[in-house]
Amino acid sequence: VVQANPTLEAYLNAKLNSGKQLQINHLRHEMIRSDSRSLTQARYKVGVFSHKPVGMYLSYQLVSRADSATQNTDIFDFLDLQRMYVKVNNVQYPLEALAQKWNNVNGGQLDITRAYFEYVKSNSKHLDGDSSLSVSLNEWQKLYPIYYVDLSKTEENNSNVFDVEVDYKFGSSVAAHHIWTLMMFEDSTTIQFADGMTKCLN
């Protein structure tokens with residue numbers, strides 16, 4: 001049982017009845033799964049949004065994994081992705097497309113470090129220190145090939161319309177798969193202290 005100091009209690013009650021409004025800025029998240037796709041090179045329209053996107057996590061997963069009771073749906077599939085970039089209102093992010101080689105014939109070396117480090121760097125943007133991304137390069141390659149695209153440079157526009165699409169290419173034919181995207185947007189909430197309560201106005 002916690003009992004407030006009388007002076008502190010009076011102070012808090014005065015605040016909760018002040019009628020003051022406060023705007024809190026935060027990130028809003030939206031997870032989107034595509035339809036079943038099987039093209040080796042395509043452009044996928046994620047959606048048209050009314051809030052400014054600041055970042056996107058993206059991954060590919062075989063339909064057979066999602067429809068199976070014996071496969072782990074928390075694991076994603078690399079599918080020999082060789083090139084990928086995002087366009088917001090026809091502006092490309094990143095400026096230089098994410099290009100990688102999963103099977104380099106010249107010695108068998110992987111060329112996936114740029115995509116991996118973009119994923120790791122997103123830790124400092126969207127996660128706190130206690131929730132750091134503890135995924136090694138080997139785990140990222142085999143279990144969690146999740147891509148991060150920084151959209152924080154997206155320009156505002158008067159119409160507040162943000163058209164987002166993904167352009168990608170696989171190195172070989174692929175089975176039916178879904179594209180998962182976790183979109184992050186700038187958003188704000190207004191709260192008001194009134195009637196002894198904290199009220200959310202929007």
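Which backbone oxygen does the side chain of glutamine 92 reach at 3.0 Å? The points below, which concern a predicted model, begin with that residue.

1. Glutamine 92. The backbone oxygen in question belongs to leucine 95, which the side chain of glutamine 92 reaches at 3.0 Å. The side chain of glutamine 92 also reaches the backbone oxygen of proline 94, at 3.2 Å. The residue is found in strand β5, which covers residues 91-99. Because its relative accessibility is 25%, glutamine 92 counts as partly exposed.

2. Surroundings of glutamine 92. When neighbours within four places in sequence are left aside, glutamine 92 is in contact with Tyr85, Val86, Lys87 and Ala97. Between glutamine 92 and tryptophan 140 there are 25 Å in space, C-alpha to C-alpha, and the two are 48 residues apart in sequence.

3. Aromatic pairs. The structure holds 10 aromatic pairs. In one of them, tyrosine 60 and tyrosine 147, the ring centres are 6.4 Å apart and the planes stand at 75°, so the pair is edge-to-face. Tyrosine 60 belongs to strand β3 (residues 53-62) and tyrosine 147 to strand β6 (residues 147-150); the pair therefore ties together parts that are 87 residues apart in sequence.

4. Tryptophan 140 and the cluster. Tyrosine 147 also forms an edge-to-face aromatic pair with tryptophan 140, at 5.6 Å centre to centre and with 85° between the planes. Tryptophan 140 is buried, as is tyrosine 147. One aromatic cluster is formed by Tyr60, Tyr116, Phe117, Trp140, Tyr147, Tyr168 and Phe170.

5. Aspartate 77. This residue is placed in the loop between α2 (63-66) and β4 (81-88). Is aspartate 77 buried or exposed? Its relative accessible area is 11%, and because buried means under 20%, aspartate 77 is buried. Its side chain is joined to that of arginine 65 by a polar contact of 2.9 Å. Apart from neighbours within four places in sequence, aspartate 77 is in contact with Tyr60, Gln61, Leu62, Arg65 and Pro145.

6. A nonpolar patch. Leu8, Tyr11 and Leu12 make a nonpolar surface patch of about 300 Å². Leucine 12 lies in helix α1, which covers residues 6-16. With a relative accessibility of 41%, leucine 12 counts as partly exposed.

Notes. Residues numbered from 1 in each chain as written. Predicted model: local features only at pLDDT ≥ 70, side-chain atom pairs only at ≥ 80, totals over all residues. Heavy atoms only, no water. Patch = residues over 30% accessible without salt bridge, like charges linked within 9 Å, V, L, I, M, F, W, Y side chains within 5 Å. Areas by Shrake-Rupley, 256 points an atom, 1.4 Å probe, with all protein chains shown as cover. Salt bridge = Lys/Arg side-chain N within 4 Å of Asp/Glu carboxyl O. Helix = DSSP H or I, 4+ residues; strand = E, 2+ residues; numbered from the N terminus. Buried < 20%, exposed > 50% of the residue type's maximum accessible area, 1.4 Å probe, protein only. Phe/Tyr/Trp six-rings, centres within 6.5 Å; stacked < 30°, edge-to-face > 60°. Polar contact = N/O pair within 3.5 Å; in protein donor to acceptor, adjacent residues only side chain to side chain. Contact = heavy atoms within 4.5 Å.
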